[in-house]
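Good morning, colleagues. I would ask you to look at the model on the screen while I speak.

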Amino acid sequence: MIHLTRCCEHYDDIAEELRQCNEALGAVLLMLRHTENAQVRGKALWALLEPLQQRLQRAMERLEAVTS
């Protein structure tokens, strides 16, 4: 029972991390839609997306660790 409780806590934490990533990605997309000429390319676009990619990667690694 204790193990199950810990797993549920991990799932809740991972779900919260994914929710935050989703909100951040939505904010980036909204910003890009409202940017004049919407011309964000290369390094500038990567600078916006890389932190989200890293957070998503960590969340997926945590999810794999909990489920294995």
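Predicted model: local features only at pLDDT ≥ 70, side-chain atom pairs only at ≥ 80, totals over all residues.

Which residues does E17 touch, not counting residues up to four places away in sequence? E17 touches R55 and A59, where a contact means heavy atoms within 4.5 Å.

Residues are numbered from 1 along each chain as its sequence is written, and side-chain values use heavy atoms, with hydrogens and water left out.

Let me return to E17. This residue lies in helix α1, which covers residues 2-34; helices here are DSSP runs of H or I with at least four residues, strands are runs of E with at least two, and both are numbered from the N terminus. Is E17 buried or exposed? E17 counts as buried because its relative accessible area is 18%, and buried means under 20%, exposed over 50%, and partly exposed in between, with a 1.4 Å probe and protein chains only.

The contact between E17 and R55 has a further aspect. Their side chains meet in a salt bridge of 2.6 Å, N to O; the term denotes a side-chain nitrogen of Lys or Arg within 4 Å of a carboxyl oxygen of Asp or Glu. E17 belongs to helix α1 and R55 to helix α2, so this pair ties together parts that are 38 residues apart in sequence. R55 itself is partly exposed, since its relative accessible area is 22%.

R62 counts as partly exposed because its relative accessibility is 34%, and D13 is placed in the partly exposed class by its value of 43%.

Another salt bridge is formed by the side chains of R19 and E16, at 2.4 Å, N to O. Here both partners are in helix α1, 3 residues apart, or about one turn of the helix. R19 is partly exposed at 37% relative accessibility, and E16 is partly exposed at 33%.

I turn now to helix α2. It comprises residues 42-67, 26 residues in number. From its first C-alpha to its last, helix α2 reaches 36 Å, close to the 38 Å expected at 1.5 Å a residue; the expected span is 1.5 Å times one less than the number of residues. Where does helix α2 kink? A kink of about 35 degrees lies at L49, shortly before the proline P51; the bend is the angle between axes fitted to the seven residues ending at a residue and the seven starting there. The buried residues of α2 are L52, A59 and V66.

Next, the nonpolar surface. L56 lies in helix α2 and touches L18 and C21, not counting residues up to four places away in sequence. L56 is partly exposed, because its relative accessibility is 36%. L18 is found in helix α1 and is likewise partly exposed, at 30%. Together with M60, L18 and L56 make a nonpolar surface patch of about 220 Å². Patches consist of residues with over 30% relative accessible area and no salt bridge, like charges being joined within 9 Å and nonpolar side chains (Val, Leu, Ile, Met, Phe, Trp, Tyr) within 5 Å. The areas come from the Shrake-Rupley method with a 1.4 Å probe, and for residues only the protein chains shown count as cover.

Finally, two separations, both C-alpha to C-alpha. L56 and L45 are 11 residues apart in sequence and 17 Å apart in space. A24, whose place is in helix α1, lies 38 residues from R62 in sequence and 20 Å from R62 in space. A24 is partly exposed, with a relative accessible area of 24%.
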